[in-house]
Structures are given as C-alpha cells and as structure tokens.
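Me: I've got a model open and want to talk through its side-chain contacts. Can we start with charges and rings?

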Amino acid sequence: MTTPFPAIRPALRRRLAAGLAAAALLLAGAAAAPAQEAAAQPQAAGKRTPLLIPGKTTLFQRVLTRPGAQLAAQPGGPPGKSLPPLSVMYVYGQQEQGEASYVEVGPDSQGTTAGWVRIQDTIPWRHSLVLAFNNPANRDRVLFFRDQPSLTGLLQSDQLLAQSEEWRRQIVKGALPPGSPVVSIEPETFIDLQKQFYLLPILEAETKPLPSGFRVRTVKIASVTKETADAATAVPQPQAQTQPAPPQAAQPQVLQRGNMDDALAKFRSGVVFVIDATSSMQPYIDRTRQAVDAVYREIESAKLDSRVRFGLVAYRDDPGKVKGLEYLARMFADPSATASRDAFMQQVKDLRATPISTRAFAEDGYAGLEQAIRGIDWKGFGGRYIIMVTDASSREGSSPLASTGLSTDQIRQLAEANGIALYILHLKTAEGRNDHAAARAQYERLSHFPGVGSLYFPVDAGDQEVFRSQVEKLAQSLVTQVRDAGKTDPTAPPPAPATAAPAAAAAAAPAAAADRLQQTAEAVGRAMRLAYLGTVQGTKAPPMFEAWASDRDFRRPDLAAFSVRLLLTKNQLSDLQATLRRVVDAGEKGQIEPEDFFNQLRSAAAAMGRDPSRIAQGPARNLEEVGLMGEYLDGLPYQSKIMGIDPDSWTRMSVGEQQTLIDEIKSKVALYQRFHDDVDRWVPLSDGSAAGDAVYPVPIDSLP
C-alpha cells in the first residue's frame, strides 16, 4: 500500500528542515551515544571521536539526512554517493567553503568517517524523543491540519464530530476543496514501527480545552521515514530567500477491497492458555482441556485448523526452592508447532496440578506469562492472544519469591510491544477470598488493551461450569474472527463505544459477562486485523510531512492517538541499567543510614567516571541535577519521582516507602534487560553503523 500522504515539494522540504532544527532546540536533552569513555580516557592513536554537543560532556553531535543528501570527499567537492533519507550520522567536523557550510559525517561513534555533506541537506538531531501512531482500531483516523488555528477552531466547535467526519470522507475520495484546512489523514492500517521505522518529532505543542472540559494536546509534527519515492530523492538546489510552499492536500490511495480480502483470507490466530498448575487448579485444567477440545472440533469441521492454533503454558513455583514441583514454567504446546487437535490434546494430556503446596497464595504467574510472550514465535500470527487462568494474584517483581523481577505494568508493556492481548479468567474461589481484591486490581491493570480497556473476567465462586462456558465462548469468538476476517472491513469507522457491563458486575450477571466478553473480543480483533493489514501491506508514514494534529481522538478523547518513545542506543541502555543498579545499591545502604544516601551516590558517580562533586553540592540537589543519570535523560517532558529525589525527601520517607521505590527501580533494571535481549526491535539508523549505535524505541513511561 502506498502512503496516503502528499509528496512534498523541495521548497517545503527546506521549510521542514528549519522546523526540525527548531524541534531540536525544543526537545534538546536526549540524544546521541554516550561518550563517557572518550571523555575519561586518552584518545587512541589515530582514532577520531565525533564532536560533542555544545554544553554537553557525554553526548556527540548527530545529524539526520534529508532526501537528496550526497557525500563529497572534500567540502565543496563533486557530489558522490547519495545517503538514504533518515540516516543518522555522527558529526566529526564542520567547515565553510565559500558561501556554503559542510559537516564531516560518519555512520558510528567509533571513528569511521564517510565524507562531507552540505549542512542544508541535514537536520541537527539533538533529541531522541519521538511520537508513534497507536493502533487506529476503535477510534477515528487522525486528521492533519495546515495550521494550528484551523485545528483549534474545530476542537472548540460544536460541529467537531460532524465536520471532521465530512473531511475524512472528502480526503479519502480525493475531493478536498481548494484551501481546505485539512491536508492529510492517518493511514488506514497500523504502521508497525519495527518493520516500517519512522520518526515523528514534535516541533511545537500546546494544551487546549474541549467544550466537554477534556483537555487535549495539539502538536505540530514532522515525519521523516526511509521512503525513497521519486519526490523524495531529487537533490534540492539552494535558493536565496525562498518562500516555503504551503502543504498540499493529500490524495490517498484507498486500500482496495479485493486486496484487503486476499490479505485477510490468510489471517491466522494463535491462542495460548497460561494456566496456574498449583494444587487447587485440577478441575479448571480439566475443563480447559474439554473446552479447547470442543472448539478444536468446530475448527476442524469448518476447515480452519490451518488458521487457528492453540498453545498452553503452565506455571508452578521455583523447583529449586520447593522440592517436587518439577518446573517453574513449562511450554506444553507451542501454537507455532502444534498443527492439529490431536497434537494439542496429546501434548497437554499429562498436565496435572501439583499436590505440593507452593510458598505463598500469590503465585509466580508472571513467569508463565513471560514464557508465553517471549518463548513463542508469534510472527506467523496476526491474532495474538494469551488467556491466563488462575485463582490467585501474581507475585510482583519486588517479591523475594518472584523469578522475573518484572512488575505488572512491565509484563503488560512486554505483551503490548509484541501485539498480544492478555485475557485474565480469575477464579474467585472461597479459598482465595482474602486475595480477591488484590488480584482484581492487579489483573485489571495487567489486561488493559489500548482503545478497549480491561480484559479481566472474574468467575464468581470459581464456578466450574461457568468457567468452562467462558473459556469455550472466548475461544469460539476468537475462531469466529478468523473465519469472518474478510467479511468485515476493519478500516471502516469504528462502532460507538461499547456499553457492556463492567468487570465488577460480570460475575454477578453471567449474561452481561458473556456480552462484555463478546464485545471486547470483537474490539480487540479489529485492532489485530488492522495491525496485520498494516504489516502485510507495508503501511508507511509519510516520506516528508509537516502539519498540526490532536493527540487525542475527537470522538473518544480518552483514547490517545500517539504514544511517546525515547530512542536509546544499546550503549545508553546499558549505561542506564548500570546507573540504576548503582542507585539501588546506594538506596539499600541508605536505608540503614538515611543521611548517607547521597554519599553513596557520590561514590557511585566516581566509580562510573562522572563528576562526584556535583552530588548534593551547590544547586544540584536531586538525581536529575547531580549528573549521575546520563545526559540523554536531561530535560525530557515527563515527571519522574526517581529523578526528583533529594536528601530531604529520601530522609522523610519511611523504610516501606524507600523499599517501594527501590523495588520499582529494580523492576526497571529487569525490564531493560528484556529490551536489550529483544534483538528484533533494535533499529540501526544508518548503514554501516556500529552495533552499539542501534536504537530501541523505549516507551516513555518505562523510563526511571
């Protein structure tokens, strides 16, 4: 599928470059690779290092190449090799040649230089904070406006929904009138950041109130991708006093119905049960097997067995700590390798609940979930579902009995990053009555699916037949989505928000629970199909683009249209992880001697080659100011209770509050290790760059 955004003329490209330069100033602070080693050690003979950003001691200068950027052997020399748009290059030097300015660039921070590029063909890239489109399922597609007044006027109008829908209809038909304030629209299907990498840097941002009282943020964004369309490859010639041309209205190519049907005819789903296999769970294990067997027979009857696969992971407790448990988490059936009902039933026939008691009522459920999320190859499945079955809460990463070290939010983030929906069937048995409230609060948060809400379904009193019915209905619903994938258009305007009964009422009203299960399954399925279509059709962001948009859906302002990511290099992520380990060590020692916390941080800074004199001296009073954290976190527009710690606030904390903060930092250290090991999501920003310069799109709420 080609992008539905307009080609941008060379004059607008020059305007875009100026805007991105402004963005660099606006978001300055998080940037290139760390240079601690270069700053702390003598430069190796013959090895060059990039220039440092002015005012920084650990961050190198980088530029982002514009379409048409070409290398020259010398400043002002004949142009040679063209650089792909979006290439991130390190700056090794700068030189004037006549009236033109040039920068010497290289693909990495290890001393490799490639040549000289005209400075007007580059964009200074001091920041790594970007936006990414959220899945457009269950919300309207984002409209892009020529200017902020047009967008603001619409947001404050009582015709917001009617007018925006008319503009969407016109733009899809290619019939926007001359002078329309709308210049483009979000692609129909989801853009997979992993497969179609793009940048949406923020040029300006301002919060505006809606007539409803809800506040939204209007953002001026620019898009830069690796698109190599003809319109993006001509070399723009410098022109004095050029007035930028206004953006042109988009003429999007609509995804053809036949192409969509062909793609969705190959849509496959993987459904993996993650089952608590501790002592109280045998009746539910048996009923899960029975329900899946019944659904599998329907699948085979409908000849869908090649398109729907089931898997199963069971979890108990650490066998090294409790004798006789056999395993912590075990894959009984892998959906990518289990091709039939007979194969599935054979692989799960020996699953039994252990008669041996585990170490606490809360179980190590996150070990089972991580095994299902990271231990299965999900690439072959457009629909990705995990159904967790348990009668107990799960151990948080802070628990000394937890094996993963990950918190509820971090397990949810891992699932979301892999496009997996987490359903929770919570058996509210009498034995767990004291655990019910904690489990519900935990699992409602764990199972939150963007644009849909919680996928938590309690089973009152642990009723075995109600449970079996829920398993069967949920599995049948997911199978129906595969069967009917080509019969509904996931790119059509979303239905009105569901008014299904909330999870709290579901147990008391089985019919309401069934309705809610069906409605959430349909909403999640829509998101899965959009993500799948975006992948198979290669949906891309625009090659070069600049416009205003709202960060919230007009119809449902509680839904965010974008998510915020920080692109961290492997070097930066390793540095951040090491720093947080030092903070944990200092915090644990500081619990014994609270006034000694910042003395411990001073020692940590010295050990890491940073300036210990900044800690708790002069104006530097908290972790953000002391210089212990890398400069790539300086000035980011988000609130962090970790970065705001000062000696007084630490001393005022109770031991329990200090431990909670330490546990939160520990869980982030564990999460960063998962990011580091997630090889498929590391993106090299330029050809020939060093492995340590690849970036990972870290969600901003995962930062310390």
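Predicted model: local features only at pLDDT ≥ 70, side-chain atom pairs only at ≥ 80, totals over all residues.

Me: Which ring does Lys570 lie over?

Reply: Lys570 sits over the face of Trp682, and the distance to the ring centre is 5.3 Å.

Me: OK, ring on ring now. How many aromatic pairs does the structure hold?

Reply: There are 17 aromatic pairs. One of them is Tyr327 with Phe332, an edge-to-face pair at 6.0 Å centre to centre and 70 degrees between the planes.

Me: Are Tyr327 and Phe332 buried or exposed?

Reply: Tyr327 is buried at 5% relative accessible area, and Phe332 is buried at 14%. For another geometry, look at Phe675 and Tyr696, which are stacked at 4.7 Å centre to centre with 25 degrees between the planes.

Me: Where do Phe675 and Tyr696 lie?

Reply: Phe675 is in helix α17 (residues 655-677) and Tyr696 is in strand β20 (residues 695-699), so the pair ties together parts that are 21 residues apart in sequence. Phe675 and Tyr696 are both buried.

Me: Which rings link into a cluster?

Reply: Phe273, Tyr296, Phe310 and Phe344 do, through ring pairs.

Me: Switching to salt bridges. What's the count?

Reply: The count comes to 29. In general, side chains of opposite charge can pair when their charged atoms come close. Take Asp121 and Arg118: their closest N and O atoms are 3.0 Å apart, and both residues are buried.

Me: What about Glu165, which residue does its side chain meet in a salt bridge?

Reply: Glu165 meets Arg168, at 3.9 Å from N to O. Both lie in helix α4 (residues 160-173), 3 residues apart, which is about one turn of the helix.

Me: Why does Glu165 count as partly exposed and Arg168 as buried?

Reply: Glu165 counts as partly exposed because its relative accessibility is 29%, and buried needs under 20%. Arg168 is at 8%, so Arg168 counts as buried.

Me: And Asp342 with Arg341?

Reply: Those side chains also meet in a salt bridge, 3.4 Å from N to O. Asp342 is exposed, with a relative accessible area of 51%, whereas Arg341 is buried at 13%. Asp342 and Arg341 also belong to a network of salt bridges that links them with Asp293, Arg297 and Glu300.

Me: Let's do the nonpolar side. Which residues touch the most other members of the largest core?

Reply: Phe273, Phe310, Leu312, Val389 and Tyr423 do, in a core of 56 residues. Its largest share is 8 residues from helix α13 (residues 510-536). As a general point, nonpolar side chains in soluble globular proteins tend to be buried together.

Me: What does Tyr423 touch?

Reply: Leaving out residues up to four places away in sequence, Tyr423 touches Tyr385, Ile386, Ile387, Met388, Leu455, Phe457, Leu474, Thr520, Ala521 and Val524. Phe457 is the ring with Arg516 over its face.

Me: How many residues are in the second core?

Reply: That separate core has 48 residues, including Tyr443, Leu446, Leu661 and Phe675.

Technical notes:
Residues numbered from 1 in each chain as written. Heavy atoms only, no water. Phe/Tyr/Trp six-rings, centres within 6.5 Å; stacked < 30°, edge-to-face > 60°. Buried < 20%, exposed > 50% of the residue type's maximum accessible area, 1.4 Å probe, protein only. Helix = DSSP H or I, 4+ residues; strand = E, 2+ residues; numbered from the N terminus. Lys NZ or Arg CZ within 6 Å of the ring centre and 35° of its normal. Salt bridge = Lys/Arg side-chain N within 4 Å of Asp/Glu carboxyl O. Core = buried A, V, L, I, M, F, W, Y, C linked by side-chain atoms within 4.5 Å. Contact = heavy atoms within 4.5 Å.
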